[in-house]
Amino acid sequence: STLIYSEKEGLISLLKDTGWPELNDCALLTSKGFASRAARDVIDLIGDTDEEIKFFCIHDGDASGTLIFQALTEATRARGARNIKVINLGLDPWEAVERGLQIETFRKPEEVKRELPVADYVKDFDPYWVEWLQTKRVELNAMTSPEFINWLNFKFKPYAKKVIPDSKKLRETFVQQGQQAIEQELMQ
C-alpha cells in the first residue's frame, strides 16, 4: 500500500478530481500546511501494521516544507523517530530553480534577523540552499494543475507499482462476489 502526505489541501482535491489515487493505488493525507500530531499519529498507526506500506511527502520549496518532511521522518521533542520510511517527493529549491518556476522573495537579505530552520537533508546537500531559503521560496502552486500532475508522475514513477491480481485471483473473486450477490438476492 501507498500513502502520500501533502502539505497543500488543494492539491489533494486536485489529485482526487483527476483520479490520481486510483491510477496509482494510493491513499492521500493532508493536515493543511504542517505535519500535525494527528497526521503523524495516523502515519504511526498505519506503520505499525504488518503490511508493507510506502509513505511519500509532497511539500513546498521553502524552509517550512523541508521541515515538514523532516518532522515526518525523524524524532521530534514530542515523539521518537518513525519506524517507517518516508520518501521525499517534495519540491526542493534546486529542483524548482532548475524547472524555472516562479521564485518568491519574501524578505531581503538585510532583513534576516533570525535564521529560519531548514531540514538537515538540505544542509547536507549544499549549504548554499540553506542561505537561499532564508529569503526565497517556491510554492507547489507555482505550477499549473497539469504541470503539477506531470511533475508528480515523474517523481512518483520509480515507486509506482499498481497491484494487479493474476487471472486466477480475479476469477476466484468474481465467482465469490457473484455467489454472494445471488445468495443475498434469494434471501430477500
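## Salt bridges in a predicted model

Glu 139 forms a salt bridge with Arg 137, the closest N and O atoms lying 3.8 Å apart; a salt bridge here is a side-chain nitrogen of Lys or Arg within 4 Å of a carboxyl oxygen of Asp or Glu. Salt bridges with shared partners connect Glu 139 and Arg 137 with Lys 8, Asp 60 and Glu 104 in one network. Glu 139 is buried, at 17% relative accessibility, whereas Arg 137 is partly exposed, at 25%. Buried denotes under 20% relative accessible area, exposed over 50%, and partly exposed the range in between (1.4 Å probe, protein chains only).

The structure is a predicted model, in which local features need pLDDT of at least 70, side-chain atom pairs count only at pLDDT 80 or more, and totals for chains, interfaces and linings use all residues. Residues are numbered from 1 along each chain as its sequence is written, and side-chain values use heavy atoms, with hydrogens and water left out.

By the salt-bridge rule, the count is 6.

| Pair | N to O distance |
|---|---|
| Lys 8 and Asp 60 | 3.0 Å |
| Asp 120 and Lys 123 | 3.7 Å |
| Arg 137 and Glu 139 | 3.8 Å |

The side chains of Lys 8 and Asp 60 meet in a salt bridge at 3.0 Å. This pair links distant parts of the chain, 52 residues apart: Lys 8 belongs to the loop between β1 (2-6) and α1 (9-17), and Asp 60 to the loop between β3 (54-58) and α4 (63-73). Helices (H or I, at least four residues) and strands (E, at least two) are DSSP runs, numbered from the N terminus. Both Lys 8 and Asp 60 are buried.

Asp 120 and Lys 123 lie 3 residues apart in helix α6 (residues 120-125), and are therefore separated by about one helical turn. Asp 120 is partly exposed at 32% relative accessibility, and Lys 123 is partly exposed with a relative accessible area of 41%.

A backbone feature concerns Asp 25, which has a positive phi of about 50° although it is not a glycine. Asp 25 is located in the loop between α2 (20-24) and β2 (27-30) and is partly exposed, at 34% relative accessibility.

As to confidence, pLDDT is the predictor's confidence in each residue, from 0 to 100. The chain averages 84, and 80% of the residues score at least 70. Among the elements of the chain, strand β6 (residues 136-137) has the highest mean pLDDT (97) and helix α3 (residues 37-47) the lowest (64). Where pLDDT is low, the predicted coordinates should not be read in detail.
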